[in-house]
Amino acid sequence: MRTRFRSLLAAAALLAAGGLFVPAASAGERVRVEEIRQLRESGQILSAEDILARSRAIQPGQVVGLELEREDGRWIYEVKLIDERNRVHELELDAASGEVLERKEK
C-alpha cells in the first residue's frame, strides 16, 4: 500500500533551493503538514534540506520535485532532478536514514 504526502515545508525548501514543488496530484488528496512536522521533530524522518543535499551529492542537477511517501510501512523521499544534459533522474531515499533505495534515469 502506498500513500503520498506532500508538505509545505518541502515546498519551502525546494523554492529556497531554486526547485519546483509539484502540488498534490488530485483535489481530494489532503496535505498533512502537521504529521510531517511531527515525524521530523521526533526524528523519524530526515529534513527535506538534508535529503536534498544527499540527493545532489548522489546526482548533481536541479531539483524539480520532492515527495514524501509511505510505502509498506516505510517513509520514503522521492526526489526528481534534471542534469546538465536535460535528463531526468529519480531517486528514492529512505526517509529515516537517507539510504538510496532506488535510482532511475528517465
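A salt bridge here means a side-chain nitrogen of Lys or Arg within 4 Å of a carboxyl oxygen of Asp or Glu. Keep that cut-off in mind. One pair today needs it. And a reminder: this is a predicted model.

So, how many salt bridges does the rule give? The count comes to nine. I'll walk through three of them, then look at one more arginine.

Start with the pair that needs the cut-off. Lys-104 bridges to Glu-90, and their closest N and O atoms sit 3.8 Å apart. That pair counts because 3.8 Å is within 4 Å. Where are the two residues? Lys-104 is in strand S5, residues 100-105, and Glu-90 is in strand S4, residues 88-94. So the pair ties together parts that are 14 residues apart in sequence.

Now, buried or exposed? Glu-90 is buried, at 5% relative accessible area. The cut-off for buried is under 20%. Lys-104 is partly exposed, at 33%.

Next pair. Arg-87 forms a salt bridge with Asp-83. What is the distance between the closest N and O atoms? For Arg-87 and Asp-83 it is 2.8 Å. Look at the accessibility on each side. Asp-83 is buried, with a relative accessibility of 5%. Arg-87 is partly exposed, with 28%.

Arg-37 bridges to Glu-34, with the closest N and O atoms 3.1 Å apart. Both residues lie in helix H2, which covers residues 33-41. They are three residues apart, and that is about one turn of the helix. As for accessibility, Arg-37 is at 38%, so it counts as partly exposed. Glu-34 is at 42%, so that residue is partly exposed too.

Side chains of opposite charge can pair when their charged atoms come close.

Last stop: Arg-85. Where is it? Arg-85 sits in the loop between strand S3, residues 74-82, and S4. Is Arg-85 buried or exposed? It is exposed, with a relative accessible area of 60%. The cut-off for exposed is over 50%. Now find Gly-61 on the structure. Gly-61 and Arg-85 are 24 residues apart along the chain, and their C-alpha atoms are separated by 9.5 Å.

To recap. The total is nine salt bridges. Lys-104 and Glu-90 link strands S5 and S4. Arg-87 pairs with Asp-83. Arg-37 pairs with Glu-34, both within helix H2. And Arg-85 is exposed, in the loop between S3 and S4.

Key. Residues are numbered from 1 along each chain as its sequence is written. This is a predicted model: local features need pLDDT of at least 70, side-chain atom pairs count only at pLDDT 80 or more; totals for chains, interfaces and linings use all residues. Side-chain values use heavy atoms; hydrogens and water are left out. Helices (H or I, at least four residues) and strands (E, at least two) are DSSP runs, numbered from the N terminus. Buried means under 20% relative accessible area, exposed over 50%, partly exposed in between (1.4 Å probe, protein chains only).
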